[in-house]
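Have it open while you read, since the points go helix by helix and then turn to the backbone.

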Amino acid sequence: MTYSRIAGTGRYLPEKILTNFDLEKMVETSDEWIRTRTGVERRHIAAEDQSASDLSVEAAKVAMDDAGVSPEDIDMVIIGTTTPDLVFPNIATIVQHRLGIPACPAFSLETACSGFIYALSTADKFIKADGAKCVLVVGVECLTRLIDWSDRNTCVLFGDGAGAVIVKPSDEPGILSTHLGADGQYKDLLYYPSGPSRDLDKAGTKEVGIMMTGNEVFKVAVKTLGNVATKALEDAGIEQSELDWLVPHQANIRIIQATAKRLDLPMEKVIVTVQDHGNTSAASVPMALDVGVRDGRIKRGQLVLMEAFGGGFTWGSVLMRF
Ligand code: COA
């Protein structure tokens with residue numbers, strides 16, 4: 001059986017850092033409130049002249065180097081993001097061209113914070129069913145571009161960044177299972193009220209920002225992520241105690257702790273980056289994976305569960321031997 005396996009990881013964070021203390025000067029909030037309610041201490045903000053493709057290219061270069069692949073080796077590019085450079089061409093083609101990757105399928109997926117999990121799951125299917133040999137998968141976001149910086153309910157939560165992986169076929173496991181889900185009935189709890197075919201003229205104006213009913217999102221996120229994580233293990237016939245690492249979406253430390261508790265997993269087995277990155281949406285899981293791999297915690301052959309949840313709502317998991 002052919003498995004898909006992550007052959008290399010990378011991340012890129014923009015230079016500029018915005019701390020909770022900086023935010024105290026912008027809105028009525030406090031470092032203490034943000035830290036205790038969300039776990040966030042600082043977040044990175046893309047420079048004015050940086051777009052999502054710039055962040056993606058930097059993260060991809062690191063992942064390609066880690067995997068020892070050159071642009072000619074790559075035969076597919078999939079990018080999860082809700083903040084692409086342009087309406088079209090899609091961001092994956094921009095990144096493909098910038099990296100010198102020869103003609104191949106290149107497309108983006110827009111499933112909010114689950115973007116990377118959806119993209120990685122898609123890469124897994126193309127490798128197993130369609131003979132793809134080397135897929136560049138990126139989760140990237142410049143979500144701070146959509147923020148109303150006078151809204152304390154949302155402006156303290158988000159950050160920018162990119163995470164990338166190279167996925168290749170392997171006789172050794174590999175991705176063991178992927179589970180994806182969505183339920184549009186929750187669309188009004190978390191959304192951005194402007195897009196290419198609706199109120200585009202309002203984008204980036206004071207009138208619109210990320211709309212979120214935070215406490216309702218919180219409740220559904222905790223329940224859904226608990227269910228997603230336990231289902232991934234149950235379907236694979238794997239005991240919770242066998243899991244080496246949980247690499248969760250980094251939205252809120254309290255959501256992460258609740259998922260770990262549901263899995264009976266000590267926090268020492270959870271990769272947490274929310275304090276340094278904030279919620280970077282589609283970039284959060286691949287960046288957390290890269291952090292865990294590069295600091296030596298996540299080792300080859302270990303059992304890793306990645307999961308995410310985002311606007312829509314959408315959600316998903318990837319269970320793998322790294
Ligand atoms: N600083 C200080 N006070 C703030 C604040 C801030 N940045 N943001 C909100 N508050 C206030 C509210 O106005 C409210 O005040 P009130 O009681 O006087 O009305 C109070 O804090 C409590 O607000 P509430 O929204 O109930 O807080 P909470 O405990 O639910 O925490 C979130 C708010 C946003 C941190 C939390 O709901 C959350 O993380 N939700 C999930 C968000 C998420 O993950 N989104 C992305 C999903 S991918």
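1. Let's begin with a helix pair. From α3, Ala 52, Ser 53, Asp 54, Ser 56, Val 57, Ala 60, Lys 61 and Met 64 meet Ile 91, Ile 94, Val 95, Arg 98 and Leu 99 of α4. Contact here means heavy atoms within 4.5 Å. Sorted by class, this contact of α3 with α4 has eight nonpolar, two polar and three charged residues. Ala, Val, Leu, Ile, Met, Phe, Trp, Tyr, Cys and Pro count as nonpolar, Asp, Glu, Lys and Arg as charged, and the others, Gly among them, as polar.

2. Some ground rules before going on. This is a predicted model, where local features need pLDDT of at least 70 and side-chain atom pairs count only at pLDDT 80 or more, while totals for chains, interfaces and linings use all residues. Residues are numbered from 1 along each chain as its sequence is written, and side-chain values use heavy atoms, leaving out hydrogens and water. Helices (H or I, at least four residues) and strands (E, at least two) are DSSP runs, numbered from the N terminus.

3. Back to that pair: how do the axes of α3 and α4 cross? Helix α3 (residues 52–67) and helix α4 (residues 91–99) have axes that come within 10 Å and cross at roughly 55 degrees. Axes are lines fitted to C-alpha atoms, for helices over the stretch in contact, and angles run from 0 to 180 degrees between N-to-C directions. The two helices are therefore oblique to each other (under 35 degrees is roughly parallel, over 145 roughly antiparallel, 65 to 115 roughly perpendicular, the rest oblique).

4. Now α7 (residues 214–236) and α8 (253–262). Their axes come within 9 Å, crossing at roughly 35 degrees. Residues of α7 including Phe 218, Val 222 and Leu 225 meet residues of α8, among them Ile 255 and Ala 258. By class, the contact of α7 with α8 has seven nonpolar, four polar and three charged residues.

5. Helix α2 (residues 31–38) has Asp 31, Ile 34 and Thr 38 buried (buried is under 20% relative accessible area, exposed over 50%, partly exposed in between, with a 1.4 Å probe and protein chains only). These residues lie on the same side of α2, because they cover an arc of only 85 degrees around the axis; the arc is that of the directions from the helix axis to the C-beta atoms. The buried residues of α2 pack against α1 (20–24), β3 (42–45), α8 and α9 (274–277). Just after α2, Gly 39 has a positive phi of about 90 degrees.

6. Leaving aside residues up to four places away in sequence, Ser 121 touches Thr 178 and Leu 180.

7. Two peptide bonds deserve a look. Phe 88 and Pro 89 are joined by a cis peptide bond, omega about 0 degrees, and Pro 89 is in the loop between β4 (76–80) and α4. The bond from Pro 173 to Gly 174 is also cis, with omega near -10 degrees; Gly 174 is in the loop between β7 (161–170) and β8 (175–182).

8. Last, the phi angles. Most residues other than glycine have a negative phi. Ala 112, in the loop between β5 (106–109) and α5, has a positive phi of about 50 degrees, and at 15% relative accessibility Ala 112 counts as buried. Asp 199 has a positive phi near 55 degrees and is partly exposed, at 33%.
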